[in-house]
Amino acid sequence: MFKLYIDYFKSKIKNLRKPKEEIPIDYEEIVEEQWQADFSKPENCRFAAETGDGYTVAFTPPEPAGNNTGGLTLEAQRKHLYAWTVNPVFRYKDVIIEADIRLPEPAKKPDGQDTPTDKAGGFAAGILFRYISQSTFYALMISDAGWVRLDAVVNSTPMPLLGWIKIPDSAHPDVDHHGSDQSYSDHSNHKEETDIQGAYSIKLIANNTTITILINGHWVACCEDDTIQAAGKIAFAIQNWETYPQVTAQLSRFSLNSIPMTVETAYTEANEFSAVPPDARISLAKTLYAMGRYVPALLQLRAAARLKEPEEADRILAGRIYFAQRMLDEAEREFQSVLEANPSNEEAFAELGGIYYRAERYEDLQRLLQKVPKPMMAQSSFLSNLEGHLYHALGKHQEAAEAYRRAFTISPDQGLFAFHQANELYDCGKKPEAVDAYMQAARAFLQQEAYDDLAEVITILERIAPNDPRTLSIAGKYAYAVGRYDDALLKFKTACKKGSEDSADWYLYGLLLKTDDPKGAVKAFKKACDLEPEYGLYQFRLAEALYLSNGKYQPVLEQALAADPQNGWVHNLRALAALSENDIEQAEAAVTEARRLLPDEVSLLVNYLEVQRRKGQLANCLPLFDIENGTADLAVERNRAAAFYALANAFADDDSREEAQQWYYKALKLDPKNPELLTDKAENDYALFLLNEADDGLVKALDIQPSVRIYQLIASISVQKGDYARAEVTLRTGLEAFADSPDLHYDLACVYRNTKRFEQAQAQVVQLKRYETSERVEALEQALLQDTGTTDQPASEQNAEQKPKKTSSAKKTSRASKSAADAEEPVSSTKTKKRASAKSVAGEEGADATKPATSTKAKKAASAKSAADTKAPARAKSAVSKKRTAATKPTAEETADTKTEKAAVKKPRTKKTT
């Protein structure tokens with residue numbers, strides 16, 4: 001028994017000597033705590049320093065001699081970036097968050113630019129809370145211009161709970177930080193810090209479904225929302241927009257309190273009725289009204305009215321909210337009270353008149369309009385329009401037409417005024433005047449892109465004035481604008497045959513003829529220039545059309561430059577013309593000027609890269625793509641994927657395959673489903689003999705959008721691997737989709753020849769000669785005759801052949817064709833068809849003036865284009881357009897081209913291309 005006691009105590013002593021196991025902390029736990037970050041000791045502040053894609057997070061060291069106790073600095077290193085760093089410790093639902101955020105003025109300012117005053121600012125920073133994932137959270141952001149915003153983000157889609165609202169500019173009051181152990185001296189330091197320009201003290205109270213926001217001690221809003229009711233983490237965020245290349249935000253103080261009783265108390269005190277200034281409620285009401293949240297806006301106005309007498313602007317806002325809620329009696333009382341206090345308030349007249357018209361109270365409307373001062377009526381399009389409605393209701397068509405005419409004269413961009421005028425004139429029996437008014441309305445609708453209204457006007461015109469050439473003209477412009485190119489071509493053809501004197505008709509007619517009838521396009525552009533010789537856009541298009549057709553474009557190009565020297569696309573055309581003549585110096589000067597005028601156009605950057613490539617200075621362009629160091633070109637910042645793609649193509653054209661590879665990877669990371677990018681990278685892989693990687697990329701591209709080039713490359717890779725069966729199947733499959741492709745026919749004939757199936761090869765050549773006659777076809781045919789021991793082709797086979805279509809010049813084969821034609825000859829070092837590195841209006845000449853470009857490669861997305869080529873009508877597009885592949889042949893930048901086309905469609909005599 002005694003021994004048992006001894007053993008028992010020994011066991012107890014042994015257990016006491018064992019170290020206690022630490023219970024691991026669950027960082028996903030929802031906790032109730034009061035905590036404040038100590039930025040002087042980074043290991044105790046829960047946030048962590050990190051580096052991500054385009055942003056860095058670092059700790060600011062404390063300054064012993066000053067009051068700075070350190071902080072967290074978040075830097076956005078490029079434009080159009082939204083980044084944040086998450087506090088990974090614990091989750092919170094109901095919580096008080098207090099933070100001091102400073103938005104220092106960016107060190108790198110845009111050249112010659114200031115922060116836009118009509119926007120919220122250049123960048124913003126703030127707090128993310130109830131952060132569930134990268135796609136779901138609440139975001140409170142403060143801009144550098146002093147505006148605040150609250151969003152609920154779900155599935156990466158922001159839903160504004162509070163639109164941008166200006167933070168009050170009044171002096172910083174004393175702030176009571178509930179639940180804080182901060183000493184008086186610390187609070188004084190905090191107050192001094194938030195008085196600094198660009199420094200903001202945030203207090204956010206998330207309590208159940210309410211979110212209360214106080215900035216610098218001022219109540220800003222209390223929002224009700226139940227979108228995210230789960231607990232989440234907290235993050236510090238920054239968002240950079242367009243103005244600055246790099247921006248930083250500093251978090252110098254951060255604390256939170258998630259004790260339920262403290263949160264509830266803070267919410268009650270912050271939203272106590274008498275504690276909220278009426279001006280703050282009115283400001284919030286304006287924001288809510290602009291967001292379409294009428295009931296909360298009205299509640300804020302009513303609350304403000306209990307604290308101070310409403311001003312005229314407050315009553316007008318209340319009246320508009322009542323009107324939006326169909327509470328017409330209440331709205332009428334508000335506007336009447338304004339007019340009683342100020343009989344010359346134009347807004348009150350307009351709003352009250354709108355109520356009477358909606359309610360069909362025409363007698364009240366008439367009495368109201370009689371009280372409107374005549375100068376006010378003569379200067380107000382809205383009141384004039386209301387007067388027109390009144391006369392229309394009273395059956396006074398002539399008076400109504402005059403009122404609508406006055407309204408349209410005051411606001412010529414409002415086509416509805418002219419449309420109403422036309423209707424009244426037609427009812428009066430004044431058909432010619434009505435047609436003129438309908439034409440004015442149609443032009444205004446076209447200018448405003450109000451295509452539904454425009455279609456209605458055209459229907460009327462085709463009924464009452466079908467033979468008027470202006471009807472054909474406006475109908476053609478409408479069809480062109482909405483993409484109905486066949487209809488537009490028919491309308492313009494008829495209008496021009498009837499001798500249209502509208503230069504825009506001839507211009508658009510020329511654009512539609514460019515693809516199928518280049519000579520007809522030149523004639524149309526010449527006629528447009530004759531009708532309006534001073535309009536630079538027409539001169540530019542004529543110069544481009546002449547350049548494409550190998551005509552004498554130089555004099556016209558000089559006229560275009562003289563007429564519109566600020567059109568960057570004209571300078572781009574000049575650069576491309578110089579490149580085609582191998583005049584590198586002039587090309588560089590012209591493309592530099594084009595880029596100055598159009599700094600965000602990737603196509604112009606591509607042409608600039610081609611110039612530098614020919615000078616042997618392509619590597620010197622790398623700083624233009626360095627986004628992290630702030631030296632990136634504007635075109636790169638706004639179009640990173642396309643710009644990286646363009647640089648990769650430039651290196652590939654320069655046979656710098658390894659350099660091209662890294663830029664292809666960067667471009668694919670941003671744009672992984674671009675079939676042309678996948679195809680170009682696969683071709684580069686092929687050149688590096690990375691056959692499996694190339695194969696994988698081509699299969700992905702084929703699933704997205706098949707093309708002749710993809711089938712060729714897959715067949716080429718299969719031949720390199722010795723898999724002729726797969727090469728044959730690939731090419732035959734390609735011919736099912738692109739039966740008229742001579743390249744696929746040629747490659748298939750080569751595969752048959754390499755596998756000793758000469759009869760099938762000869763049959764394939766017969767098919768090939770239906771689409772192409774060239775040196776390569778003749779060489780292949782002769783080789784087959786030698787292979788079969790035949791010197792002359794049988795007469796029966798000659799008779800069976802269809803008459804081949806002649807091509808303008810012999811076509812080079814693609815790399816895929818070469819490898820299929822000669823299985824034993826490695827082709828990884830053979831330079832393939834030039835990319836559109838310097839594309840423009842160059843016809844069939846190559847990008848290198850000493851070497852013609854091959855023609856089977858489809859146009860790349862990142863190719864250099866001039867705005868010269870219009871967006872081709874859908875009917876004219878094909879899967880493979882050989883004319884668009886020459887390295888110096890310009891295909892126009894479609895977005896810029898659309899802008900210039902619209903200029904002529906809408907206002908050909910005044911609108912200039914910028």
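Predicted model: local features only at pLDDT ≥ 70, side-chain atom pairs only at ≥ 80, totals over all residues.
Me: What makes α14 roughly antiparallel to α15?
Reply: The axes of helix α14 (residues 431-447) and α15 cross at roughly 155 degrees. Angles over 145 degrees count as roughly antiparallel. Therefore α14 is roughly antiparallel to α15. The two axes come within 9 Å, and the crossing is left-handed.

Me: Which residues make the contact of α14 with α15?
Reply: From α14 come Lys431, Val435, Tyr438, Met439, Ala442, Phe445 and Leu446. From α15 come Tyr451, Asp453, Leu454, Val457, Ile460, Leu461 and Ile464.

Me: How do you know which of these residues count as charged, and how many are there?
Reply: Asp and Lys belong to the charged class. Lys431 in α14 and Asp453 in α15 are in the contact, and the count of charged residues is 2. Tyr counts as nonpolar. The contact has 12 nonpolar residues and no polar ones.

Me: Why is α15 called roughly antiparallel to α16?
Reply: Helix α15 (residues 451-464) packs against helix α16 (residues 469-481) at an angle of about 150 degrees. The cut-off for roughly antiparallel is over 145 degrees. So α15 is roughly antiparallel to α16. Their axes lie 10 Å apart. This crossing of α15 and α16 is left-handed.

Me: What meets what between α15 and α16?
Reply: On the α15 side are Tyr451, Leu454, Ala455, Ile458, Leu461 and Glu462. On the α16 side are Thr471, Ile474, Ala475, Tyr478 and Ala481. By class, that gives 9 nonpolar, 1 polar and 1 charged residues. Glu counts as charged, and Glu462 is in the contact.

Me: Why is Gln414 called partly exposed, rather than buried or exposed?
Reply: Gln414 has a relative accessible area of 37%. Buried means under 20%, and exposed means over 50%. The value falls in between, so Gln414 is partly exposed.

Me: Where is Gln414?
Reply: Gln414 sits in the loop between α12 (397-410) and α13 (415-427). Its C-alpha atom is 9.4 Å from that of Ser381, which is 33 residues away along the chain.

Me: How many helices and strands does the protein chain have, and what share of its residues is buried?
Reply: The protein chain has 37 helices and 15 strands. Of its 914 residues, 52% are buried. The cut-off for that label is under 20% relative accessible area.

Key:
Residues numbered from 1 in each chain as written. Heavy atoms only, no water. Axes fitted to C-alpha atoms, helices over the stretch in contact; angles between N-to-C directions. Helix = DSSP H or I, 4+ residues; strand = E, 2+ residues; numbered from the N terminus. Parallel < 35°, antiparallel > 145°, perpendicular 65-115°, else oblique. Left-handed = near helix turned anticlockwise from the far one by under 90°. Contact = heavy atoms within 4.5 Å. Buried < 20%, exposed > 50% of the residue type's maximum accessible area, 1.4 Å probe, protein only.
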